[in-house]
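Take each task in turn, then compare your steps with the solution.

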Amino acid sequence: MGEPSAQHDEFYVRYYVGHRGKFGHEFMEFELNPSGRLRYANNSNYKHDTMIRKELFLSPAVVEKTRRIIEGSGITRVDDSNWTEPDRESRRQELEIKIGNEHIAFTCAEIGSLVDVQKSADPDGLRLFYYLTQDLKCLVFSLISLHFKIKPIP
């Protein structure tokens, strides 16, 4: 595989979902930077749980695949101006993406299910956001699970 272009060096993604409530600031967040460093944090104070933090480094191929997933989703053509804004009491979601010279950030109230998407003012854009965030969460959880496996696969 050849040297990545300068545009490929400019890749960053961060996802956050959380709220402040009865148990304090509860959230799940991950970020992936161009060097392949994936950082994950999950904070829940329910039953006095402690914060879970994981950090791992991904190969350039995995970073590039993540980049292609995001580009292929069409999320860069979406506008979040008609999405439900999170209020002080509700859970919020944030997705920040930097690909090349393009830097976009989305914020909306948490999406509980596809019913919430269908009821929104922009169901098509919110559906793209919903599926992309689901795909990214699945990818991150799978990578963390593989990386921190207690019993390695023989």
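Before starting, sort residues by class: Ala, Val, Leu, Ile, Met, Phe, Trp, Tyr, Cys and Pro count as nonpolar, Asp, Glu, Lys and Arg as charged, and the others, Gly among them, as polar. Keep in mind that this is a predicted model.

**Exercise 1. The cavity**

Task: find the largest cavity, list its lining and sort that lining by class.

Solution: 
- Step 1. Searching the whole structure for cavities of 30 Å³ or more gives one. The volume of the largest cavity is about 50 Å³.
- Step 2. Around the largest cavity lie Val 13, Phe 30, Leu 32, Leu 38, Leu 58, Thr 66, Leu 136, Leu 139, Val 140 and Leu 143.
- Step 3. Strand S2 (24-32) and H4 each contribute at least two lining residues, and H4 gives the most, with four.
- Step 4. Sorted by class, the lining has nine nonpolar residues, one polar and no charged.

**Exercise 2. The helix pair**

Task: describe how helix H2 (residues 60-73) packs with helix H4 (residues 123-147).

Solution: 
- Step 1. Two packed helices are described by the angle between their axes and the distance between the axes.
- Step 2. For H2 and H4 the angle is about 165° and the axes are 10 Å apart. Angles over 145 degrees count as roughly antiparallel, so H2 is roughly antiparallel to H4.
- Step 3. The crossing of H2 past H4 is right-handed.
- Step 4. From H2, Val 62, Thr 66, Ile 69, Ile 70 and Ser 73 meet Leu 128, Leu 132, Leu 136, Leu 139 and Leu 143 of H4. This contact has eight nonpolar, two polar and no charged residues.

Notes
Residues numbered from 1 in each chain as written. Predicted model: local features only at pLDDT ≥ 70, side-chain atom pairs only at ≥ 80, totals over all residues. Heavy atoms only, no water. Axes fitted to C-alpha atoms, helices over the stretch in contact; angles between N-to-C directions. Parallel < 35°, antiparallel > 145°, perpendicular 65-115°, else oblique. Left-handed = near helix turned anticlockwise from the far one by under 90°. Contact = heavy atoms within 4.5 Å. 1 Å grid on protein atoms, 1.4 Å probe; cavity = no way out; pocket = protein on both sides within 12 Å on 5 of 7 lines; lining within 4 Å. Points joined across faces, edges and corners; volume = space filled by probe spheres on them.
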